[in-house]
Structure formats: structure tokens, C-alpha cells
Amino acid sequence: MEKHTSVLIFGPTGVGKTHLARHLSFSVLKAGYSVLLTRADKMFEALKLASVDGTHTRLLRSYLKPDILVVDDFGVRAMKREEAGFLYEIIIERHELKSSLFTSARAPEEWQKLFPDPILGNSALDRLAHSSYQILIEGESIRKQNRPK
């Protein structure tokens with residue numbers, strides 16, 4: 001946390017990425033840091049609505065303020081141009097100042113193609129991916145293992 005390093009947790013659906021992110025968030029809270037946990041689609045939707053109703057700047061600050069921003073389920077689908085702009089702004093403003101944690105079913109090498117503008121994507125991901133711990137979780141879905149028999 002002191003070095004403002006980010007963490008990227010990725011792997012197949014159902015292997016426990018969200019579970020790990022929540023436990024890490026709880027540990028960060030216990031250590032006295034602030035945390036904001038959000039799902040990527042919910043964050044993009046909120047920012048889009050805030051752009052319409054004039055509260056964008058205030059909402060954006062809420063994503064920039066916490067010591068760690070946890071974005072769950074990133075990259076489920078390609079981003080729209082507006083969403084990519086929001087993410088770029090968040091990554092750029094947090095870079096080397098705050099930590100971020102992203103969970104994704106896609107490997108970071110696949111994230112570039114999610115951006116409609118490759119230069120915007122490269123700029124954001126260069127800052128995020130090259131200054132982060134990357135954790136690959138492999139295995140079978142925990143949901144599949146725990147299904148009723």
C-alpha cells in the first residue's frame with residue numbers, strides 16, 4: 001500500500017478471484033486504509049449517469065479518493081468509447097498515488113483489445129499492468145465443485 005502498487009487477479013470464471021479481492025480488501029481496511037469495491041459494469045453505468053446529471057466530477061473523485069480501488073469483473077465485454085475514457089482517467093489519476101485491484105476472467109495481455117482506441121488503451125494499460133503484481137488463479141470453478149449432488 002505504501003508504494004501504491006496495484007494488483008491484477010485473473011483466471012477462469014468461478015475460481016475465487018472476487019473472493020480473494022474481498023479478503024484482501026478486508027485486510028486493507030483492518031490496516032486502516034480506505035477501500036472502494038465496485039463491479040466494472042456498475043462503475044461505468046454510474047459514471048455514464050453522472051455525466052448526464054452533472055455529478056460526474058464528484059463521482060469521479062469518489063473513485064480517486066480511496067487508498068485502494070477494487071474493480072471486480074473487468075473486461076467481461078469490450079468497452080464503449082465513453083467507458084474507456086472513464087477508465088483511462090481513473091487509471092491516470094491514481095497511477096503512483098493510490099493502489100488499484102482489478103479482477104478479470106481475461107489475462108492482462110487481452111485487455112488492450114477491449115479499448116476502442118488502441119492508443120488510449122496502451123497508455124492506460126502501460127501504467128497499470130507494468131507497475132502491478134499479477135496473480136493468475138487456475139483451476140476448476142468452485143461453483144461447479146460445490147453444486148448440489
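## Terms and model

Buried means under 20% relative accessible area, exposed over 50%, and partly exposed in between, with a 1.4 Å probe and protein chains only.

The model is predicted: local features need pLDDT of at least 70, side-chain atom pairs count only at pLDDT 80 or more, and totals for chains, interfaces and linings use all residues. Residues are numbered from 1 along each chain as its sequence is written, and side-chain values use heavy atoms, without hydrogens and water.

## Aromatic pairs

Rings of Phe, Tyr and Trp (its six-membered ring) pair if their centres lie within 6.5 Å; planes under 30 degrees apart count as stacked, over 60 as edge-to-face and the rest as tilted. The count by this rule is three aromatic pairs. Phe74 and Phe102 are edge-to-face, because their ring centres are 5.6 Å apart and their planes stand at 80°. Phe74 lies in the loop between strand 3 (68-72) and helix 4 (81-94), and Phe102 in strand 4 (residues 99-104), so this pair ties together parts 28 residues apart in sequence. Helices (H or I, at least four residues) and strands (E, at least two) are DSSP runs numbered from the N terminus.

Phe74 has a relative accessible area of 2%, and the value for Phe102 is 2%. The rings of Phe74 and Trp111 have centres 4.9 Å apart and planes at 70°, so this pair is edge-to-face. Ring pairs link Phe74, Phe102 and Trp111 into a cluster.

## Ser104

Ser104 lies in strand 4 and is buried, with a relative accessible area of 0%. Not counting residues up to four places away in sequence, Ser104 touches (heavy atoms within 4.5 Å) Ile9, Phe10, Gly11, Lys17, Phe74, Gly75 and Trp111.
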